[in-house]
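Okay, thanks for coming, everyone.

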Amino acid sequence: MSTVAPMTPRQHRAHGKVILLGEHSVVYGHPALAGALADGVIVDATAGRGLLRIPQWDVVIDPTVDSDATLARAYAEIRARAVAPAVDLTLTFNLPTGAGLGSSAAMAVAVGRALGLEGAMLADAAMASETVIHGTPSGLDHTVSMAGGFGLFTRSGGLASLKAAPLPLVIGHTGKARDTKGRVARVAQLLAERSDETRGRFAAIEALVQRGAGAVARGSYGELGAAMTENQRHLEALDVSCPEIERMCAIARDAGAFGAKLTGGGGGGCVIAVGNDRPVADAWRAAGYEVFSATVSA
Ligand code: MEV
């Protein structure tokens, strides 16, 4: 009788992301300042028939069964681009999901890698998956997820990395899911209805992104914080904030943060703050919010 050695799972990883400045305007070609959150998603691949298991969500997707579920459609987009090897995948999130930290892009990139995709094919598969989940993504999330590091992203130029010391951030969760698809649609509506004003805000945000990038490179976190707070005002005017985000920003500033803003799609999700990390984290916790700390580095 022959014995078969148990197959050791192969691990595939992908980063989450944090946008310091420039979400939403980045969809329209403006730059955003963003960094990777290391190993946001890990996928274990074992011999199998293509099942995707996400134990944290109590979800199993069987690609042989037709499904209209968003996640099943996103997975199908990735599989359609891969010569799908005979593996089952088990996915673990190491960051809060639905929070603006790029969990869906990290999921797509890690799953694509587990199915043997890389380079342009992986980017295309991740973009297709993100389009199912978010509508009209800029591509920032999966680009940062694939590349890692820290830098300026534009739709046309990808990610240009930035030389800077590791940047410590405090990240707090509003407790409400982010609404990237809805908020991106709302900005598109504002752009159609109040074109000049909205374009003016995009240009103002772009100036803040440039200022913020310089500030990060110089380690001038006070200046970065001021740019973040100003960016938050524009995001409020673009109707992508919400009362919980604004309350968390106010708490952070009262606790001594140099600046705070929403990060990602908005409408919920996470708030980031820079400066006086410990008092900000304590103040958020005391107000009942979940808090993480993260260091963004090249
Ligand atoms: C992405 O995390 C946040 C948005 O800028 C949308 C996008 O870039 O696709 C709002």
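I'll start with the domains, then go on to the helix packing, and end with one arginine.

Quick ground rules: this is a predicted model, where local features need pLDDT of at least 70, side-chain atom pairs count only at pLDDT 80 or more, and totals for chains, interfaces and linings use all residues. Residues are numbered from 1 along each chain as its sequence is written, and side-chain values use heavy atoms, with hydrogens and water left out.

So, domains. The chain splits into domain 1 (10-162) and domain 2 (167-296); those bounds come from an automatic or database domain assignment. Their C-alpha centres sit 23 Å apart. On the domain 1 side, 31 residues are in contact with 40 residues of domain 2, contact being heavy atoms within 4.5 Å. Between them the two domains bury about 2,800 Å², 71% of it on carbon and sulfur atoms. Buried area here is the accessible area, with a 1.4 Å probe, that two parts lose on being put together, summed over both. And in domain 1, who loses the most area to domain 2? That's L21, H24 and Y28, together 23% of what that side buries.

Next, helices, which are DSSP runs of H or I, at least four residues, numbered from the N terminus. Take α1 (residues 70-80) and α2 (residues 103-114): they pack at about 40 degrees, axes 10 Å apart. The axes are lines fitted to C-alpha atoms over the stretch in contact, and angles run from 0 to 180 degrees between N-to-C directions. α1 and α2 are therefore oblique to each other, meaning not under 35 degrees (roughly parallel), over 145 (roughly antiparallel) or 65 to 115 (roughly perpendicular). From α1, L71, Y75 and I78 meet M107, A108, V111 and G112 of α2. That contact has six nonpolar residues, one polar and no charged; Gly counts as polar in this scheme, Tyr as nonpolar, and Asp, Glu, Lys and Arg as charged.

How do α1 and α3 (residues 119-134) cross? At roughly 160 degrees, with the axes coming within 8 Å, and that makes α1 roughly antiparallel to α3. Here T70, R73, A74, E77 and I78 of α1 meet A125, A128, S129, V132 and I133 of α3. By class, that's six nonpolar, two polar and two charged.

Last one: R79, also in α1. R79 and A114 are 35 residues apart in sequence but 10 Å apart in space, C-alpha to C-alpha. Setting aside neighbours within four places in sequence, R79 is in contact with G50, P63, A84 and L115.

Definitions and conventions. Helices (H or I, at least four residues) and strands (E, at least two) are DSSP runs, numbered from the N terminus.
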